[in-house]
Amino acid sequence: MARSQLAAAARVARWADVALGPGSDGAGDGKATLADATAERAAGDLGLTAAQVRADWDTARLAGLVEVHGDSARPGWRLRAWNRDDSAVLRGWVALFDAWSLAYPEPADHEPAAVAEVVSAMPQVLSFLQLSAGPVPVEQLLDLLEQRVTELRTERCEIPYGPQPEPVEPPQPEPRRSEDTPLAPLLDWALHALASVGALTYGDGHATLTPLGSWAVWVKLEQICVAAQSPAGNIEAVAEEMLRGCAQLRPNAARAEYRAWLAARPVGSAVTELIAAARGDDALLRGLAFEALRVVGAPAEPDVRAVVEEPTLRPYALLWLAEHDGADAEDAHEVLTRKEATWLWVDTAAAVADHGEAPMLVRHLESAVQPTVPMLLDEVRAVGHPRTVQVLVALAAAHPDPALAKAVRRAAFQVHTGGN
């Protein structure tokens, strides 16, 4: 259903990618909105009217099939993933659903504050439609809308305390207040707008959620419930603080915390925060950030691919991408070169040294790809990780075998002095 709803928008977005992309003949009106000549050209190529092209282009922008950057536009990751990733299509439709108030022209003759109140109140109306699971009379929805708008007005009502200065200016005619705006026409506009994005059907004095609209409202309700169940209370924290709060949790509890944290913020900004935390000096947070990105799933793919060439993040990004592409978690390490695997071993050892216990660091030796400790030490020295010395010193102090501890200390000294 989502593919069908967005098919026309995807068609125009693909046309723009080919006809207006870098190196093409038509590159370049340089605008995020289609110029008249471009719209006419697209209409001729696609067998549409210019008005249809513009409407489909606007839908593509709202659904993230086209991403606007300044005064230019480029294909979004959802368009790139359209044929292979159903979740990208669903997220594109949810983005359009979230932007329903922009998808259909709002009434021009109504108080803007009243329009904003109706937009804020519609989630409750949609929840009622979802729970009703069938046609609901518009009169009933209007009663609910009026109740919710009254609640919003009461919540924001502020009464000034203390003596008030006398007005200096002569009294002016009172501006039109949102309270004076009838809500029935605005409800009619909102229902038409939601119908235009495929969230509901509207006619004969009744409104009914489509299966797609019912699913979307259910997902929103589920996100609210997940966010309310943040087990460790880190939902309001920035990514780095949230990850530190998850460091002592068991894996299942940590994943629940990641889901709650993600449910409370836009996916794009959440992914940006997690990658910024992964770039820091704390190796433990680097690993946890990519665990949280695994919970994000497909929407994080473009950002993860973008950091593959960063040495600090490369092994983590390659493993994430391998698992995202279907590799078993136990086999994903095969995508790493020996050098990348060694770098990751040192980085993980640094996390254990900083936050774990000595026996954990000793056990970490078993996860090295090298078959012998001398081979491991040689390759660790060559890999150039900035924490190599500290890791080797900590390992030497923790290991119960005096001979092995001595060899590790010697390797640490050689890395520190630059010797062989």
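Two elements are in contact when heavy atoms lie within 4.5 Å of each other. Axes are lines fitted to C-alpha atoms, for helices over the stretch in contact, and angles between N-to-C directions run from 0 to 180 degrees.

This is a predicted model, in which local features need pLDDT of at least 70, side-chain atom pairs count only at pLDDT 80 or more, and totals for chains, interfaces and linings use all residues. Residues are numbered from 1 along each chain as its sequence is written, and side-chain values use heavy atoms, without hydrogens and water.

The protein chain contains 21 helices and five strands; these are DSSP runs numbered from the N terminus, helices (H or I) having at least four residues and strands (E) at least two. Of its 420 residues, 43% count as buried, that is, under 20% relative accessible area with a 1.4 Å probe, protein chains only. Among contacts with a separation of 6 or more in the protein chain, 64% come from residues 24 or more positions apart.

An open antiparallel sheet is formed by three strands in the order S3-S5-S4. Two strands pair if DSSP finds at least two bridges between them. S3 and S4 stand at the edges with a single partner strand each, so one side of each lacks a neighbour in the sheet. S3 and S5 pair over two bridges, and Val136 has Ala207 in S5 as its bridge partner.

Two helices lie against this sheet, as tabulated.

| Helix | Strands touched | Angle |
|---|---|---|
| H9 (residues 184-196) | S4 and S5 | about 135° with S4 |

Terms used: Buried means under 20% relative accessible area, exposed over 50%, partly exposed in between (1.4 Å probe, protein chains only).
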